[in-house]
4 protein chains.
Amino acid sequence: MEKRKLRGGMVGGGSGSLIGPVHRMAATIDGQAEIVAGVFSSDPEKSKRFGEELYLDPSRVYADYQEMAEKEAALPPDHRVDFVSIATPNVYHFDIARAFLKAGFSIICDKPMTCSLAEAKELKSIVAKSGKIFALTHTYTGYPMVKHARHIIRQGMLGKINKIVVDYPQGWLARLLESGDESTRNWRLDPQKSGISCCTADIGTHAENLVRYITGLEIEELCADLSCFIPGSLLDDDGCILIHYKEGVRGIINVSQISTGEGNCLNIRISGTKLSLSWHQEKPNDLICKDIEGCTTTYSKGSPVVCSEARSASRLPLGHPEGFIEAFANIYLETFKAIRAQVKDQLVPVCDYPTVDDGVISMAFIETVVASAASNKKWTKMLQ
Amino acid sequence: MEKRKLRGGMVGGGSGSLIGPVHRMAATIDGQAEIVAGVFSSDPEKSKRFGEELYLDPSRVYADYQEMAEKEAALPPDHRVDFVSIATPNVYHFDIARAFLKAGFSIICDKPMTCSLAEAKELKSIVAKSGKIFALTHTYTGYPMVKHARHIIRQGMLGKINKIVVDYPQGWLARLLESGDESTRNWRLDPQKSGISCCTADIGTHAENLVRYITGLEIEELCADLSCFIPGSLLDDDGCILIHYKEGVRGIINVSQISTGEGNCLNIRISGTKLSLSWHQEKPNDLICKDIEGCTTTYSKGSPVVCSEARSASRLPLGHPEGFIEAFANIYLETFKAIRAQVKDQLVPVCDYPTVDDGVISMAFIETVVASAASNKKWTKMLQ
Amino acid sequence: MEKRKLRGGMVGGGSGSLIGPVHRMAATIDGQAEIVAGVFSSDPEKSKRFGEELYLDPSRVYADYQEMAEKEAALPPDHRVDFVSIATPNVYHFDIARAFLKAGFSIICDKPMTCSLAEAKELKSIVAKSGKIFALTHTYTGYPMVKHARHIIRQGMLGKINKIVVDYPQGWLARLLESGDESTRNWRLDPQKSGISCCTADIGTHAENLVRYITGLEIEELCADLSCFIPGSLLDDDGCILIHYKEGVRGIINVSQISTGEGNCLNIRISGTKLSLSWHQEKPNDLICKDIEGCTTTYSKGSPVVCSEARSASRLPLGHPEGFIEAFANIYLETFKAIRAQVKDQLVPVCDYPTVDDGVISMAFIETVVASAASNKKWTKMLQ
Amino acid sequence: MEKRKLRGGMVGGGSGSLIGPVHRMAATIDGQAEIVAGVFSSDPEKSKRFGEELYLDPSRVYADYQEMAEKEAALPPDHRVDFVSIATPNVYHFDIARAFLKAGFSIICDKPMTCSLAEAKELKSIVAKSGKIFALTHTYTGYPMVKHARHIIRQGMLGKINKIVVDYPQGWLARLLESGDESTRNWRLDPQKSGISCCTADIGTHAENLVRYITGLEIEELCADLSCFIPGSLLDDDGCILIHYKEGVRGIINVSQISTGEGNCLNIRISGTKLSLSWHQEKPNDLICKDIEGCTTTYSKGSPVVCSEARSASRLPLGHPEGFIEAFANIYLETFKAIRAQVKDQLVPVCDYPTVDDGVISMAFIETVVASAASNKKWTKMLQ
């Protein structure tokens, strides 16, 4: 491979999308890739106009993903895209990912990965057959101080973990509820586009993934109480979940999208016998540890004492805030390492991005939560 | 009644006690009462020595509570105590309270009130028959900003309440666990002194009481997952509880005494359709409200805009921190209003302190939680 | 001395006083003293009525301080007060203190100690001659974490101190300014009662004292810019002061009483070559240290790792907030140690309370600041 | 102009540079521009290698800025760069800016703009003659909540401003001092590269600029106390500055680079008669207002209630942190609006970026501060 930027394509993420621009900024901020092709709407005309806003070559703004997969695959290797980012509603992820994987493209897919565990497992097998890279954008694992949290636990500094509390309130559906505003986001409340869950799928999966990323712990069984506070809604907008992780660890995941006034207030606290740690997404540059004597140590992004993974996931020194886009970009950067290796026909190194396996576990989590809630909120073994 | 300080007696709270000094400071800080009698240990010699430290008249430091009840009752009315504070381990509360109520004394009792719901109900009936004042020291209801939280909800500012999250980690048992130190506090782990629960009884009841004080909401059913992380322990040191309050409100109470490094980190967040509010015991002088637009208003103790109950529960202006002792003292002050009225043979006004009814509900809460946990963590109707 | 509570008297601090109740709560909260006598108003009738509210023996509520000094001195030793607290406007401190010292009583005096440096020096000599205890209530030195800050510096953990920043905004005069409300507090703006300064005398002295308490550093010279934003006011309500401490340490003291919305927001940051520390009065239970790598350690009141002085200045365990009254009470407690020793004719131990020497330095500070401001804001050597 | 990305060039900002990558990320994150040319080192070989890392066309990586100006100017208009970013040490800014302006290119220049007020004024006249766009990267004015602060003041919500306190500690020179590490950053301590000031020039100018951006207030006179704590250093590493703004506003600017453990802790508090506001760069997504009653309102980035300028300077909804790079990018975006208009031969609209006029005032500020400090720290009129 000549020394060049990677070439990316995108499906979804057009006008009005929240996460589309994040994918593009994350892909390009570090000067490692450029977006050169895409489908940005199910309406070819809108897609075309949006491509213009991105200053794309009109010949590479396609009418639909099938056309894109076919035509990009037909381009010469030094011209076609190296990867495709998928930023559509959940329900389309599977078909699109499959099409591009089969056409020989690596994928960076928004989460949740699919609409069912069965689809997820099938996608895993498609990825395996394709030999291509598949990354899932569980953003929060891209934050430097989340990596440092993982490092601290790997070092054994917490002792035996006993308890994990994730509290993750958002308020945007409360706003919707109050205003009656039919915002662009409410495809998440539509089972035809979102699948069997809104809140658990949208943010519960982040919570589960974050716990697993930091601690390595898997869920054994759970007991879920889901609610639909939005009148007429078919999907959960709030969930209270008790969890038994393996190794006797107890946990709670509280997720809510009707918590008035909250933005994206993901908080995690992990208590071990020697140390506890907590991290707050809205103040992402700090990691807080409390020792057995009640003494608190705060590690900050950019400090020379944080682990090398956290340091290399940080672009700026101490005191210069980095945020959500940079965390997202870190997932892209790690995925790019794998893609570049593959483009160069090199051995793909171990990279630090969420994979199709994370997607399978997320879907198992969603289905287990919904099953528990549906069965009169009984304790339910984690589906495999 | 001549214009005079009230006279208080005390049972328990002697050498090594955490809460004993708090009762004494709370009782006397506002110059409304003095402690003049007591039993401070089950060992009469120790009790006597401790009475000396308090500069008490030796003739009023008794060998046991029975003697105290009898002898104080035999004193002339202008000499005997007006109230008795009970600060012993839980298991003695009932007998002591009964003895003094029957002897004609008002009671200020530490929580939890008794060791069973049955005892609690019996005590309620004894209180009723006695015609005496009975207060329970659910400290957190004494904080000014908790009163302002209640005021805001009473004004209807939250709209319809949807969700209540109480997160209450402490770490002192983690310290015990790590150190093997047999501290004075571990009577709480002894079923003979503490009853059927450690963590739920000790702090879960505060959580339930705080929710009910602020919102007025009662529990319909709950699902509890209790743990004993302390090796060899017979009682819960950690609990995760899902709750259905009446009126369709969903809730979580997380209580833990093995959350390493935490002090007394009681946090509550109540989300309504129009506004949410949160309060943090470790920063008690602020009350935080978030509106539907994500705008945050922080009300501070001492500000002229807080409600009159909050203002009168505050001794100092804005920016002068008040804490746990002052909150405790506010419960004493409200109880004193009732006691003074009674001493003067006046109509007892409505006062703002936790009563024997709160104690009954707390005991029902403990028994329901333990029953749910014991029955394979099933959803269980709140006992009545 | 028999084992008994100390007996206190009080001058000032009657109806409407902010600091009067604080003195009484601080004196009595720990059960070490009781208030038994006083003059609470220049109007004898008001004084009498206020004495009733305190449940005092009417024979010991006096018409003026001269009468009190005389009559208390005439009481038998086992009856008369052991100390007198002075909580009047500044201008009366000197005369009252002198009278009681000459009559043989120990003094606990509110700050600033006098209205001039000359008076302060004279008072120092009177104290010396009297052989009595004299304490000054620089409240903030009573906070446990301020004591731990001092400890950390004494241990040499900061390396060489380079810079000290005190930022101390209050807003109560802004409120006065806006409302035109002639509150009870505005004697501070009256030179007849307050002396030559309002803001510098009231809170600037706290800032200077706090720096000196924690670091031991003395001021060499300063440059002060004082303002009177309140229309028609004769005294400063805001001050910006550049400071050269000895040993080459640079500093700023910002004091303001027109900083809208602020309560009592005293903040100090001390930077050494190895470590910096900061403390915030409105969150007094934490002490924050930042090391050279940008790693932050927060020490909390009640933790077993804080120094013994901080531990013994704390009444409650970790996570149970203590505030202004408790800090004030710590000054009383240390003073009581000295007074008890003297009452028992024992050697007075080294105690940790501000003395008449602190008062002299405070007065030198006020006069230097006012002189600098008056001389076209020139750099001015600290008066001796 | 066809619909296309702008083309940028860069001088400086190569290997080891802190701010170079920030310029590149800021220029490209929003998909509005691409970097296509540059000089990245005074060593042509290093420059070339660095250009490769950026995947640049080698023919557009130049040996020096003169060559770049000449050759880029010689390229056809649809190929040459639209703007040049200058990210070299201060001392080169003037010559490079002049060269490119004269060659017909717009400039985005790092701050401080030049090494002297005289140069600054000359540059201003060169900019005027060139008719080109000139922007200065005073990053902090790019933060959404800084824009909202300005909005609040423009709405008159503060009443009359009385006091402005800027506290801006950094610790990186303390680290240098302690470690003896000759880091890449210490060109700032070299008068040959940095000019007459280190700390005042580097961060004092940010403080002055931020005050002026938010309030519109200009400095009338100031009194500066500068220090050199780094042994052997010729330039200030710490400064305490008293300020008289116009309209009777009093202020303090504290800047320090030896404040151990601090990152980039820029804090500003502006007190008006009706409201005060404060903003903290390390928590940039919140703006805090305190009203006369001590009630605090926190406005957050992404909330629909913030002003339109703040909303359009934000890429993500409430609760999704944005940081330094995004703020920097906002300055680029506003500058791009002007550059695009010019490229299209349209009227250049009013855009919200710092200009050459800001640079002139900054240089006047630096020279006034240094003059005051040098003249025995006397009060000195702001140079014009």
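Biologist: How many cavities of 30 Å³ or more does the structure hold?

Modeller: Seven. This is a predicted model, in which local features need pLDDT of at least 70, side-chain atom pairs count only at pLDDT 80 or more, and totals for chains, interfaces and linings use all residues. Residues are numbered from 1 along each chain as its sequence is written, chains are lettered from A and ligands numbered from 1 in the order in which they are written, and side-chain values use heavy atoms, with hydrogens and water left out. On a 1 Å grid over the protein atoms alone, a cavity is a set of points where a 1.4 Å probe fits but cannot get out. Grid points are joined across faces, edges and corners, and a volume is the space filled by probe spheres set on the points.

Biologist: Which residues line the second largest cavity?

Modeller: A lining residue has an atom within 4 Å of a point. Here the lining is Val165, Val166, Asp167, Ile252 and Asn254 of chain A, and Val165, Val166, Asp167, Ile252 and Asn254 of chain B. The space inside is about 60 Å³.

Biologist: Which elements give two or more residues to that lining?

Modeller: Helices (H or I, at least four residues) and strands (E, at least two) are DSSP runs, numbered from the N terminus. In this case they are strand S6 (161–169) and strand S9 (250–256) of chain A, together with strand S6 (161–169) and strand S9 (250–256) of chain B. By class, the lining has six nonpolar, two polar and two charged residues. Ala, Val, Leu, Ile, Met, Phe, Trp, Tyr, Cys and Pro count as nonpolar, Asp, Glu, Lys and Arg as charged, and the others, Gly among them, as polar.

Biologist: How many disulfides does the structure hold?

Modeller: A disulfide is a covalent bond between the sulfur atoms of two cysteines. The test is a pair of cysteine sulfur atoms within 2.5 Å. Over all chains, the count is zero. Take Cys289(C): its nearest cysteine sulfur, that of Cys295(A), is 8.8 Å away. For Cys265(D), the nearest is that of Cys199(D), 14 Å away.

Biologist: Is Cys289(C) buried or exposed?

Modeller: Buried means under 20% relative accessible area, exposed over 50%, and partly exposed in between (1.4 Å probe, protein chains only). Cys289(C) is at 3% relative accessibility, so it counts as buried. Cys265(D), at 14%, also counts as buried.

Biologist: What relates chain D to chain C?

Modeller: Two copies of a chain are related by a rotation about an axis and a shift along it. Copies are superposed by least squares on the C-alpha atoms of residues with pLDDT of at least 70 in both. Chain D can be laid on chain C by a turn of 180° and a shift of 0.0 Å along the axis, with an RMSD of 0.0 Å. That is the relation of a two-fold axis. The same surface serves both copies, as 100% of the contact residues (heavy atoms within 4.5 Å) of chain D recur in chain C.

Biologist: Where is there a cis peptide bond in chain A?

Modeller: Most residues other than glycine have a negative phi, and most peptide bonds are trans. The bond joining Lys111(A) and Pro112(A) is cis, with omega about -5°. Pro112(A) sits in the loop between strand S4 (106–109) and helix H5 (117–130) of chain A. In chain C, the bond from Lys111(C) to Pro112(C) is cis, with omega near -10°.

Biologist: What is the phi of Asn376(D)?

Modeller: Positive, about 60°, although Asn376(D) is not a glycine. Asn376(D) lies in the loop between helix H12 (356–374) and strand S14 (380–381) of chain D. At 55% relative accessibility, Asn376(D) counts as exposed.

Terms used: 1 Å grid on protein atoms, 1.4 Å probe; cavity = no way out; pocket = protein on both sides within 12 Å on 5 of 7 lines; lining within 4 Å.
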